[in-house]
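Visitor: Please pick out the packing in this model and take me through it closely. Keep it brisk, and start with the terms you need.

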Amino acid sequence: MSEYAVTRLEDIDEITDGREPWRPVRHHFGITSFGINAWTGRETGDRIINEHDEEGEDEELYFVHSGRARFEFDGESVDAPAGTFAFARPGVKRTAFAEEPGTTILAAGARPGQVYTPTGWELWAPAGRLYQEGRYAEAADLARELVAAHPEYSDLLYNLACCESLAGRKADAIEHLRLAIEKSDSVRSYLAGDSDLDPLREEPEFQALLAGR
């Protein structure tokens, strides 16, 4: 395996969940120590970074690679031409819009004080679109293919389990939850409050997972 890799941004294929498409830079290079991806707004006014606050989670550094962006941090608007860095700590609500066509933003992040663990959320996008449309069986079928190709990612396993739960595939859902927890015990914290898993709550095997057994 080579100790280095060189790739142009446009050579990394875009993926989308139905919102602004992005390029999965971290996954492309197999980076395991931090997250980094790139988003491009095609037209002026396009939302590039979906609004979120990362409460209790990642701090993020943004770099305007090309074009001109407008960030909003806790409601405050910030003009950001190409070459601008912008940093947001966890808890700051943030979003960004393209002020020029073809504006591209790089976003890098990790959780303070913790070792970074790739979850594979970037790859969930195509199945996520089916999930959002309520097509749970189709989402589960596609997510199963994603997991087969990338079994190392806990979030892919967890999201597959959610789709299987909603599709009535209880045994498969519980098994994939177990595998997700084996890869990242932090997944267990999702089980109590996720309504996608409500169809499993009376199952003894699910109750055992919830109890940490």
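Guide: Strands here are DSSP runs of E, at least two residues long, and helices are runs of H or I, at least four long; both are numbered from the N terminus. The model is predicted.

Start with a single residue. Thr104 sits in strand S9, which covers residues 103–110. Is Thr104 buried or exposed? Its relative accessibility is 5%, and the cut-off for buried is under 20%, so Thr104 counts as buried. Look next at its contacts beyond four places in sequence. Thr104 touches Leu9, then Ala38, Trp39 and Thr40, and also Phe63, Val64, His65 and Ser66.

The largest nonpolar core has 28 residues. Its members with the most contacts to other members are Leu156, Tyr158, Leu177, Leu191, Leu197, Leu200 and Phe206. Five helices each give at least two residues to this core: H2 (125–132), H3 (136–149), H4 (154–166), H5 (170–183) and H6 (204–210). H4 supplies the largest share, seven residues. A separate core of 17 residues lies apart from this one, and its members include Phe71, Phe73, Ala96 and Ile105.

Take the pair H4 and H5 next. Their axes come within 8 Å and cross at roughly 160°. Angles over 145 degrees count as roughly antiparallel, so H4 is roughly antiparallel to H5. The crossing of H4 and H5 is left-handed.

Which residues form this contact? From H4 come Ser154, Leu157, Tyr158, Leu160, Ala161, Glu164 and Ser165. From H5 come Asp172, Ala173, His176, Leu177, Leu179, Ala180 and Lys183. By type, the residues of the H4 and H5 contact split into eight nonpolar, three polar and three charged. Two residues of this contact, Tyr158 in H4 and Leu177 in H5, are also among the core members that touch the most others.

Finish with H2. Its buried residues are Ala125, Ala127, Gly128 and Leu130. Their cover includes strand S1 (22–23) and H3. Just after H2, Gly134 takes a positive phi of about 80°.

Terms used:
Residues are numbered from 1 along each chain as its sequence is written. This is a predicted model: local features need pLDDT of at least 70, side-chain atom pairs count only at pLDDT 80 or more; totals for chains, interfaces and linings use all residues. Side-chain values use heavy atoms; hydrogens and water are left out. A nonpolar core is a set of buried Ala, Val, Leu, Ile, Met, Phe, Trp, Tyr and Cys residues joined through side-chain atoms within 4.5 Å. Buried means under 20% relative accessible area, exposed over 50%, partly exposed in between (1.4 Å probe, protein chains only). Contact means heavy atoms within 4.5 Å. Axes are lines fitted to C-alpha atoms, for helices over the stretch in contact, and angles run from 0 to 180 degrees between N-to-C directions. Angles under 35 degrees count as roughly parallel, over 145 as roughly antiparallel, 65 to 115 as roughly perpendicular and the rest as oblique. A crossing is left-handed if the near helix is turned anticlockwise from the far one by less than a right angle, and right-handed if clockwise. Ala, Val, Leu, Ile, Met, Phe, Trp, Tyr, Cys and Pro count as nonpolar, Asp, Glu, Lys and Arg as charged, and the others, Gly among them, as polar.
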